Amino acid sequence: MVAFALVAALTAATTGALSFREARTGVLQQSQDTVIKQLRTQVDRLAPQLSFPPAEAELRRFAGDVARAEPSGSWRVLVGYEDLSATSRPGDPFEELTPDLREAVDSSPATVFQRVNTGDHTSLVVGMSVTFSGDENRGIASGLQVFLTVPQATEQRYVDALVTAVERATVPALGVAVLLALLAARGVLRPVRALRHATRSIAEGRLDTRLAVNGSDELADLSHTFNETAAALEESVAELRGMEARARRFAADVSHELRTPLAAMAAVTDVLDEDAARLDPDTATAVRLISEETVKLARLVDDLMEISRFDAGAAVLHLDEIDLAESLRRTLADRAWADLVDADLPPPDAVRGRVDPRRLDVVVANLVGNALRHGARPVRLRLRADGERSAVIEVLDSGPGIPEDVLPHVFERFYKSDTARTRTEGSGLGLAITAENVRVHGGSVRAGNRPEGGAVFTVELPLRRDESAHGEHR
């Protein structure tokens with residue numbers, strides 16, 4: 001719009017300037033031609049009455065007669081002959097006559113003119129040499145020179161009127177140009193704004209957003225292309241979501257179906273473990289291996305069931321206001337880790353909050369267990385309050401730390417930092433379940449490395465929840 005207005009303003013100004021120049025030239029040219037024609041006519045009529053060489057009184061009378069050719073009395077005439085000169089007005093200094101004009105009259109028989117600015121007005125000065133018209137002396141300079149000064153007041157008023165007219169015409173033209181620019185910009189920007197809103201809507205997940213296609217210009221083609229792209233994207237996302245849902249159902253169904261035979265296998269392995277001491281060494285070793293693998297498989301099935309509930313949005317929070325430090329001590333004691341982990345915990349009831357005790361236990365157990373398996377002792381567990389709104393739990397080990405390229409992936413499911421290692425002690429879902437449990441509390445978890453060596457996992461949990469959070473939360 002600004003560019004359109006600038007171009008319109010420049011065009012209007014240029015057109016106005018050219019029109020003004022042509023009109024001014026026409027006004028001044030017409031005035032000049034009229035004055036020169038009148039002067040020639042008057043000189044041709046009066047010059048034959050002069051006697052040569054003329055006296056000063058005759059020159060004065062001649063100048064007055066020429067000046068009276070203009071009824072308004074605006075003409076001022078200077079007549080010169082050799083060393084004599086006379087003006088139509090006694091004592092007139094005739095300041096408008098310049099040396100250049102006098103020289104031009106001396107050197108040329110043609111009528112010459114010049115516009116001279118004196119003070120606050122402009123004057124037209126005309127000069128001519130009078131020649132003889134007789135048969136014997138035709139064209140020979142008589143030595144008589146006539147100079148005429150005419151004020152250009154009338155012409156100046158015409159020019160001023162032209163300037164005013166141009167200004168008055170330019171402002172409405174600029175206003176019309178701005179109005180047209182607004183209409184043009186609105187016509188272009190309306191579909192662009194619609195495209196912006198539609199793109200933002202797509203980014204927010206409303207994949208069924210479409211644009212209205214009007215016309216057949218480039219913007220209409222763009223809207224049509226956007227609709228095709230959005231339709232293709234919606235179809236692809238729907239297909240991916242369907243595949244993901246089927247995969248989740250499959251994992252949940254398989255995990256559910258495996259629980260019953262695994263329970264039977266666990267019962268059998270428990271019986272075999274009791275009798276392993278009475279078996280021969282090879283058989284006892286096989287029995288213990290089967291028992292260990294059965295426990296790992298049962299843990300994997302439980303983790304798969306848990307992660308499936310998160311994926312389905314069916315994870316339930318059972319909130320209770322507890323002493324977080326006491327909950328962490330109980331987690332270590334239940335797993336016989338009290339002697340393996342240095343606990344830096346606040347005194348009883350120093351940090352209390354509404355959390356799900358079971359899920360907090362899972363979070364701490366997974367992080368501490370991960371540090372004991374993959375880090376090195378000493379392993380430290382810290383708890384502190386971060387103001388009145390959140391609590392911070394840190395698990396630190398003294399191992400080699402986590403490679404920088406692995407840090408962004410530690411909470412991904414079944415991620416292995418060492419691709420050559422095909423078996424792990426855990427299910428590969430522990431940290432992913434930890435992240436989901438923290439997220440469902442409205443908190444955050446992150447992994448990093450300490451400057452002095454070793455990995456550190458930091459959990460931030462909110463201590464206060466809305467009153468509507470009592471009971472079960474999804």
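The following questions and answers cover strands, helices and backbone exceptions in a predicted model.

Trainee: Is strand β1 mostly covered or mostly open, and how many of its residues are buried?
Mentor: In a regular strand the side chains alternate between the two faces of the sheet. In β1, one side carries Arg76, Leu78 and Gly80, and the other carries Val77, Val79 and Tyr81. Both faces are covered. The strand, residues 76–81, is therefore mostly covered, given the cut-off of under 20% relative accessible area, and the number buried is 6 of 6.

Trainee: Which residue of β5 is the bridge partner of Val79?
Mentor: Strands of a sheet pair through backbone hydrogen bonds, either parallel or antiparallel. β1 and β5, residues 141–151, pair in the antiparallel sense over 6 bridges. The bridge partner of Val79 in β5 is Val146.

Trainee: Is Glu82 buried or exposed, and what is its relative accessible area?
Mentor: Most residues other than glycine have a negative phi. Glu82, in the loop between β1 and β2, has a positive phi near 50 degrees. A residue counts as exposed over 50%. Glu82 is exposed, and its relative accessible area is 68%.

Trainee: What is the relative accessible area of Asp349?
Mentor: Asp349 is not a glycine, yet its phi is positive, about 65 degrees. This residue lies in the loop between β8 and β9, the latter being residues 352–355. Asp349 is partly exposed, with a relative accessible area of 48%.

Trainee: Where does the cis peptide bond of Phe52 and Pro53 lie, going by the position of Pro53?
Mentor: Most peptide bonds are trans. The bond joining Phe52 and Pro53 is cis, with omega about -5 degrees. Pro53 is in the loop between α1 (2–46) and α2 (56–67).

Trainee: In which loop is Pro378 found?
Mentor: The peptide bond from Arg377 to Pro378 is cis, and its omega is near 5 degrees. Pro378 is found in the loop between α8 and β10.

Trainee: How far apart are the end C-alpha atoms of α6?
Mentor: Helix α6 has 31 residues, 281–311. At 1.5 Å a residue, the helix should span 45 Å. The distance between its end C-alpha atoms agrees with this, at 45 Å.

Trainee: At what distance do the axes of α6 and α9 lie?
Mentor: Two packed helices are described by the angle between their axes and the distance between the axes. Asp303, Glu306, Ile307 and Phe310 of α6 meet residues of α9 that include Ala432, Ile433 and Val440. By class, this contact of α6 with α9 has 5 nonpolar, 1 polar and 4 charged residues. The crossing is left-handed, the angle is about 35 degrees, and the axes are 10 Å apart.

Trainee: How many charged residues are in the contact of α8 with α9?
Mentor: α8 and α9 pack at an angle of about 145 degrees with their axes 9 Å apart, and the crossing is left-handed. The contact includes Val362, Val363 and Leu367 of α8 and Leu431, Ile433 and Val438 of α9. By class, the contact has 7 nonpolar and 5 polar residues, and the number of charged residues is 1.

Conventions. Residues numbered from 1 in each chain as written. Predicted model: local features only at pLDDT ≥ 70, side-chain atom pairs only at ≥ 80, totals over all residues. Heavy atoms only, no water. Buried < 20%, exposed > 50% of the residue type's maximum accessible area, 1.4 Å probe, protein only. Helix = DSSP H or I, 4+ residues; strand = E, 2+ residues; numbered from the N terminus. Pairing = 2+ DSSP bridges. Expected span 1.5 Å × (residues − 1). Axes fitted to C-alpha atoms, helices over the stretch in contact; angles between N-to-C directions. Left-handed = near helix turned anticlockwise from the far one by under 90°. Contact = heavy atoms within 4.5 Å. Nonpolar A, V, L, I, M, F, W, Y, C, P; charged D, E, K, R; others polar.
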